[in-house]
Amino acid sequence: MTPFFSIIVPVYQSEKFLLKSIKNLREQTFEKIEIILVDDASTDNSLKLCQKISKEDSRVIVIHHTKNMGASRARNSGIEIAHGKWIIFVDSDDLVSVEMCRSFYDYIKCDPSLDFVACNFVSRKNDLFKKVLTNNVVLKLENKDQNINLIKQMLLSDYRKAPQKFQNSFGNNVILNSPWAKAYNKSFLDKNNIKFQTNIKYSEDLLFNIEILACQAKGIYVNNYIYFYRNNSNSITHQNYLPQIIENYFYWNQLAQNFFKHKNLNSLIPVLQAYIFSNVLLVIPRDIFRPNNSFYQSYCRMRQVNKSLKFKDLCNTKIRKSISSLLSNKTKIRSELLLKNHFLILYLKYKVLENI
């Protein structure tokens, strides 16, 4: 049986939740699926569990990386061997509704011209098993201008100009930026050579989805709750220290700028600059003033940051002035304090007041 969906699951140190996660995938009411488990050099029992599941179910394929290469490379490995017409990504510690594939299939069958279908998620597990909604499309992308507007909203995290129904259900970056709770047409990904970028560590999911939109993908956003997202402590929002923030967004900026220019989407460059400018300032709380840094260490690190050529390329007064209307007041103040070396004020904010 040729699968209609290939469900790709990156696996790393996932023994705690893996069996529960895969159980829901194996029990999908839509049967034409394959499940690709990509073990990314786990050191716990994840690989053994994957192999055990594969022996029990012929639809389960296991890929094993001998070296840890990250979720992006794991997803790409899955895409490379996928036999399905459509790709679905699931994280190994999350759960999905057993109706997930059936829901995706019904929308695809209604409109075979679609390039992706995006559904919604819940953060409380019990909500997942309530009846799945139907015919609740809150946004349909049918032209280039719609896609460009959505890219701008995603980069600026500002959905005030989006339709109200879309704002209410999809107006946050967790669901829009992520690859899960979505189905992607594999032929569209292949035709446009869209893969996850493996040389960036943060926000690679956002770049993947932006590239899809920039290639004029036709898609729908459906307010169906088919995915339970486990907001775990390993996510970026929970990490006190993010190494190589500057390097990450330097390469992110290069990749996105080249892509936009190649697609003649130069109108997106200022919005991209605003996104990069704001995110590179994470270097303040997540690097310079990370919890383990002493007063002297923070002082030395701030001097290093301001001397960094990559940082200067992304965050300087000239860029700030040119994109001022796209930046929040908070971002402008933070950048001013950093660029003018107001160390004591920043130290007071992030190391003293934060602990009161």
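Me: What should I know about the model before we start?
Reply: It is a predicted model, in which local features need pLDDT of at least 70, side-chain atom pairs count only at pLDDT 80 or more, and totals for chains, interfaces and linings use all residues. Residues are numbered from 1 along each chain as its sequence is written, and side-chain values use heavy atoms, with hydrogens and water left out.

Me: How many salt bridges are there?
Reply: The count is 16, a salt bridge being a side-chain nitrogen of Lys or Arg within 4 Å of a carboxyl oxygen of Asp or Glu.

Me: Which residue pairs with R75?
Reply: R75 bridges to D205, with the closest N and O atoms 3.1 Å apart. The two are 130 residues apart, R75 in helix α3 (residues 71–81) and D205 in helix α9 (residues 204–214); helices are DSSP runs of H or I, at least four residues, and strands are runs of E, at least two, numbered from the N terminus.

Me: Are R75 and D205 buried or exposed?
Reply: Both R75 and D205 are buried (under 20% relative accessible area; exposed is over 50%, partly exposed in between, with a 1.4 Å probe and protein chains only).

Me: And what about R160?
Reply: R160 meets D158 in a salt bridge at 2.7 Å, N to O. R160 is exposed at 67% relative accessibility, whereas D158 is partly exposed at 26%.

Me: Which residues form a network?
Reply: Salt bridges link R26, K52, E56, D57 and R59 in a network.
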